[in-house]
Amino acid sequence: MARVAIVDDDLWVREGRAAALGGAGHDVVFHGDHPAALARTGWDDVDVVLVDAHDPRADFDRYQGVRVVESIRRAGGERPRVVVLTGHADNDLLRIRMAEAGADHLHAHD
């Protein structure tokens, strides 16, 4: 099974995804909000990162998931697959920013 990281501003979403994926046999090695993900120094222990794009608590740029994806790609090492889950999937600017940041997939979370 996969080693998974979950990045989401919503505690209940993080906990629910962690419980569901852990219950399905995956190893959830990290689950935290955007600032916690940005503080991580490496992602070599992760196969797949599920990233929420939007953080309504952020000041100016509320698409903090873009910064997380950029941080993951800058960390180098083993390249985890980055899957962005968002309620803003129809936002073309977000799609471009995530592609430029190095996300592998972008899906609507509904």
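This is a predicted model: local features need pLDDT of at least 70, side-chain atom pairs count only at pLDDT 80 or more; totals for chains, interfaces and linings use all residues.
Biologist: OK, where is R40?

Modeller: R40 sits in the loop between α2 (34-39) and β3 (48-52), where helices (H or I, at least four residues) and strands (E, at least two) are DSSP runs numbered from the N terminus.

Biologist: And is R40 buried or exposed?

Modeller: R40 is buried, because its relative accessible area is 18%; buried means under 20% relative accessible area, exposed over 50%, and partly exposed in between, with a 1.4 Å probe and protein chains only.

Biologist: Which side chain does R40 make a polar contact with?

Modeller: The side chains of R40 and D45 are joined by a polar contact of 2.4 Å, the term standing for a pair of N or O atoms within 3.5 Å, where within protein one must be able to donate a hydrogen and the other to accept it, and residues adjacent in sequence count only if both atoms are side-chain atoms. Not counting residues up to four places away in sequence, R40 touches V29, F30, D45 and V46, contact meaning heavy atoms within 4.5 Å.

Biologist: Switching to helices, how do α3 and α4 pack?

Modeller: Helix α3 (residues 64-75) and helix α4 (residues 92-101) pack at an angle of about 15°, with their axes 8 Å apart; axes are lines fitted to C-alpha atoms, for helices over the stretch in contact, and angles run from 0 to 180 degrees between N-to-C directions. That makes α3 roughly parallel to α4, since angles under 35 degrees count as roughly parallel, over 145 as roughly antiparallel, 65 to 115 as roughly perpendicular and the rest as oblique.

Biologist: Which residues meet there?

Modeller: G65, V66, V69, E70 and R73 in α3 meet L94, R97, M98 and A101 in α4.

Biologist: What about S71, where is that?

Modeller: S71 is in helix α3 and counts as buried at 12% relative accessibility, and its C-alpha atom is separated by 8.8 Å from that of A101, 30 residues apart along the chain.

How values were computed. Residues are numbered from 1 along each chain as its sequence is written. Side-chain values use heavy atoms; hydrogens and water are left out.
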